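These are my notebook entries from reading through the model, written down in the order in which I looked things up.

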Amino acid sequence: MCLQKRWWERSLRSASAVNEDRLWDVEFSLALHNRTGKYFIGRDIIRDNNDLIGNVIYWRLPSKRLPTGLSAKIIGKLLHLEVSARRRYVALRKSRSIRRKRRVLHLDPFTVLNHDLRRDDLVLCHDLGPISHPDLFLGSTTQLYVLAYEQMLQSDVRIAFVSESSESAFASRFGRVSDMSVVYPPIRPEIKGVVGCRPQNVQMPFMLTVGSIGSRKNQLSSIRAFELSGLASKGISYVLCGAREPGAEEVVAAAAAATGVQLLPYVSDAELVWLYDNAVGFVLVSKLEGFGVPVAEAIARGLIPIVSKNSVLEEVSGPGALKADPNDLDEIALRMLQLVTITVADRENRRQSLSASIERFTQESFRRNWRTILKGAR
């Protein structure tokens with residue numbers, strides 16, 4: 001009986017060790033101040049693979065709940081101070097790095113600087129913006145990501161991307177690493193079945209842009225193109241909504257000075273659904289995207305989008321979208337006019353093509369592909 005008990009205890013310890021080896025710690029510090037597509041992707045990975053996750057980490061602190069309010073600000077500030085110190089001082093880059101027993105999934109490259117990165121860790125990359133488009137970011141941000149990618153390459157860490165465009169951009173700049181994969185984000189389930197709620201003072205008919213307000217999303221060019229189009233004189237307005245990011249001040253000023261332009265803050269899902277369902281078309285001619293979740297969401301609600309030529313947004317929307325050079329105001333204005341005068345037959349043909357394109361972005365395929373990556377051994 002005693003021997004049997006000891007055998008059972010050893011078996012339990014062995015099973016526990018096996019289970020522990022399967023677990024990941026997830027570095028989700030980006031969630032402290034971020035409610036963009038990056039946040040929703042990370043949230044869904046954690047939710048769908050809870051049985052494979054040991055701890056969710058915010059800076060150096062594991063937590064079962066997302067820190068909010070003052071605690072989020074304090075943790076975020078401490079994270080910023082540590083990352084900034086490692087960026088500035090070479091001697092600190094290996095000093096007191098976080099060493100975790102489990103593999104770590106980093107939901108953005110910037111957090112690798114605080115960690116003793118292992119070859120079997122995994123980093124999710126949304127885009128190479130701070131390196132490929134340094135004019136859209138602070139110089140300190142670009143320096144930080146340069147160091148992060150250097151550390152990833154030195155460690156030969158596993159890397160996942162949200163689009164083939166991001167993977168190609170990485171490979172063309174750095175070469176391919178031994179383990180790279182692409183998993184498309186899903187269209188957010190929150191907006192399915194939501195009853196729409198009209199935002200205050202929005203006038204119909206209107207065109208719509210959804211996304212963080214700033215230089216990266218290029219709303220300044222969209223507003224100027226809308227003025228060139230003359231659509232305001234025809235009774236059509238232009239509504240933009242989103243949280244603020246670097247470059248927002250110019251966009252806010254341009255929106256205030258333009259006739260027929262309404263700039264909303266970050267809206268609720270109910271308000272977003274109403275905007276999608278009542279817009280005459282969608283506009284996102286951004287300069288940089290990792291994937292472009294709002295384009296996929298707009299298509300799912302039946303809208304035809306204008307997107308940036310030769311960008312990941314073409315990869316998302318397929319041939320059914322209207323395309324414009326994000327630096328060509330005349331072309332953007334022409335596409336806006338085309339969007340509101342499109343024939344019934346052309347609209348229907350484009351909708352069919354667009355709907356077929358977004359069939360790739362399901363919750364089921366996202367969940368299945370991420371489980372395959374997280375359960376796979378290197």
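Where is the place of N310? I found N310 in the loop between strand 12 (305-308) and helix 11 (312-317). I note at the outset that this is a predicted model.

**Entry 1: backbone details**

I looked up the backbone of N310 and read a phi near 55°, a positive value in a residue other than glycine. I then turned to D156, which has a positive phi of about 50° although it is not a glycine. I located D156 in the loop between helix 5 and strand 6. I also checked the peptide bond from M204 to P205, and it is cis, with omega near -5°. P205 belongs to the loop between strand 7 and strand 8.

**Entry 2: the mixed sheet**

I traced an open sheet of seven strands in the order 3-2-1-4-5-6-7, with mixed pairing. Strand 3 (61-62) and strand 7 (180-182) are at its edges and have a single partner strand each, so one side of each is left without a neighbour in the sheet. Within this sheet I examined strand 4 (residues 103-106) and strand 5 (residues 122-125), which pair in the parallel sense over two bridges. I recorded that H106 stands opposite V123 in strand 5.

I next asked which helices touch these strands. Helix 14 (residues 363-375) packs on the sheet and touches strand 1, strand 4, strand 5, strand 6 (158-161) and strand 7. The direction of helix 14 makes about 150° with that of strand 5. Helix 2 (residues 37-48) lies across strand 1 (24-27), strand 2 (53-58), strand 4 and strand 5. I read its angle to strand 2 as about 155°.

I followed an open sheet of six strands in the order 10-9-8-11-12-13, in which the pairing is parallel. Its edges are strand 10 (261-264) and strand 13 (322-324), each with a single partner strand, so one side of each is left without a neighbour in the sheet. The twist averages 25° from one strand to the next.

For L208, I found the bridge partner V239 in strand 9. Helix 7 (residues 219-229) lies across strand 8, strand 9, strand 10 and strand 11 (281-284), and runs at about 170° to strand 9.

**Entry 3: a helix crossing**

At what angle do the axes of helix 3 and helix 5 cross? I read roughly 75° for helix 3 (residues 69-88) and helix 5 (residues 139-155), whose axes come within 10 Å. That angle makes helix 3 roughly perpendicular to helix 5. I listed the residues in contact as V83, R86 and R87 of helix 3 with S140, Q143, L144 and L147 of helix 5. By class, this contact has three nonpolar, two polar and two charged residues.

**Entry 4: the second largest pocket**

I looked up the second largest pocket and noted a volume of about 280 Å³. Its lining comprises 18 residues, of which H133, K287, L288, E289 and V312 are the closest to the pocket's centre. Helix 4 (129-132) and helix 6 (164-174) are the elements that give two or more residues to this lining. Helix 6 supplies the largest share, three residues.

How values were computed: Residues numbered from 1 in each chain as written. Predicted model: local features only at pLDDT ≥ 70, side-chain atom pairs only at ≥ 80, totals over all residues. Heavy atoms only, no water. 1 Å grid on protein atoms, 1.4 Å probe; cavity = no way out; pocket = protein on both sides within 12 Å on 5 of 7 lines; lining within 4 Å. Points joined across faces, edges and corners; volume = space filled by probe spheres on them. Helix = DSSP H or I, 4+ residues; strand = E, 2+ residues; numbered from the N terminus. Axes fitted to C-alpha atoms, helices over the stretch in contact; angles between N-to-C directions. Parallel < 35°, antiparallel > 145°, perpendicular 65-115°, else oblique. Contact = heavy atoms within 4.5 Å. Nonpolar A, V, L, I, M, F, W, Y, C, P; charged D, E, K, R; others polar. Pairing = 2+ DSSP bridges.
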